[in-house]
Amino acid sequence: MDYKDREGRIIKENNSQDQLLSVLYSNLAGRLFLRVLATPIVSKAAGEVMNCWVSTFLIDGFVKKHHIPMQDFERKKYCSYNQFFTRRLKNGKRMITDEPTRLIAPCDGRCSVYPINLHSVFSIKGTSYSVASLLRNKKLAKEYVGGYCVIFRLTVEDYHRYCYIDNAIKGKNYRIHGKFYTVHPAVLGKEDIYKENTREYCILKTKNFGKVIQMEVGALLVGKIRNYHREAIVQKGQEKGRFEYGGSTVVLLFQRDQIALDQDLFFNTKDGYETKVHMGEGIGTALF
């Protein structure tokens, strides 16, 4: 799938993951196979394999294929693929925008933005969903009518740790259990992107952007969404958690009249492109 960088350049993305998923979802046998892979017991087993030393043989090939700049990361020797997958960047490799009223991206990924309406559904490359079905809470969803939904799709080569977008009072974690269907765009239109995915969200009473919902969504073979905190006082740029093995998604929901998102994000989404962003990068400005 193609996306754009912040300078507006189109980047071609047509990797083996795209091709394999497209083939599997194009026929009944492939879809049945993925349904088996997506069951909790298989997902859990895959997670166990990725946590053992045998999985380390996958690391070198992955680094070469995706041109991972390993000099940017803290750890040099890994005891499992998951240790490599959740590797931590060195200090200074992601600069957190320090302007207090500037919204930052909570993670590396490909970003899309959508206005929230009471009765509308949101199309993410052919998949439709509502905020109410995403949260499984109609009352809470109504509080975000007139605001924005911002979606960050992480691919397997992205940095899989994520942070808080502002100084905030963090509420409890709400976990919604589901089956692990892939969130990769190659399958959109074949399976609902969110209804069957395990996800976890919290409400952030932020200093600059009102009451924001931040949600993490697991994907195929992702057995763990690792959020570190319960109720807490948190800081902008502070690490919130990490995803273990697989591609995943982070969603932000903003209420009406709280945020002015950067216009290139809207233009790119309207034109059918996601926008590549990095954790800590400015993507919007608070309204007062």
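Aspartate 262 touches Arg6, Arg102, Gly282, Ile283 and Gly284, where residues up to four places away in sequence are not counted and contact means heavy atoms within 4.5 Å. The model is predicted: local features need pLDDT of at least 70, side-chain atom pairs count only at pLDDT 80 or more, and totals for chains, interfaces and linings use all residues. Residues are numbered from 1 along each chain as its sequence is written, and side-chain values use heavy atoms, with hydrogens and water left out.

Aspartate 262 lies in the loop between strand 17 (259-261) and helix 8 (263-270); helices (H or I, at least four residues) and strands (E, at least two) are DSSP runs, numbered from the N terminus. With a relative accessibility of 14%, aspartate 262 counts as buried, a class defined as under 20% relative accessible area, against over 50% for exposed and partly exposed in between (1.4 Å probe, protein chains only). Its side chain makes a polar contact with the side chain of arginine 102 at 2.9 Å. A polar contact is a pair of N or O atoms within 3.5 Å; within protein, one must be able to donate a hydrogen and the other to accept it, and residues adjacent in sequence count only if both atoms are side-chain atoms.

Arginine 153 belongs to strand 7 (residues 148-154) and is buried, with a relative accessible area of 5%. The side chain of arginine 153 makes a polar contact with that of glutamate 274 (2.8 Å). Aspartate 108 is 45 residues from arginine 153 along the chain, and the C-alpha atoms of the two are separated by 8.4 Å.

Nonpolar residues form a further part of the picture. In soluble globular proteins, nonpolar side chains tend to be buried together. A nonpolar core is a set of buried Ala, Val, Leu, Ile, Met, Phe, Trp, Tyr and Cys residues joined through side-chain atoms within 4.5 Å. The largest such core has 46 residues, of which Phe84, Leu103, Val150, Phe152, Ile165 and Phe254 touch the most other members. Leucine 103 has contacts that include Ile165, Phe209, Phe254, Ile259 and Leu261. A second, separate core of 20 residues includes Leu135, Ala141, Ile151 and Leu253.

An open sheet of 3 strands has the order 8-15-13, with antiparallel pairing; two strands pair if DSSP finds at least two bridges between them. Strand 8 (161-163) and strand 13 (225-227) stand at the edges with a single partner strand each, so one side of each is left without a neighbour in the sheet. Strand 15 (residues 239-243) is joined to strand 13 by 3 bridges, and 3 bridges also join strand 8 to strand 15. Asparagine 227 stands opposite glycine 241, while cysteine 163 has glutamate 239 as its bridge partner. Because 4 of the 5 residues of strand 15 are buried, this strand is largely enclosed by the rest of the structure.

Cysteine 163 is also buried, with a relative accessible area of 0%. The whole structure contains 0 disulfides, a disulfide being a pair of cysteine sulfur atoms within 2.5 Å. For cysteine 163, the nearest cysteine sulfur is that of cysteine 107, 8.0 Å away.
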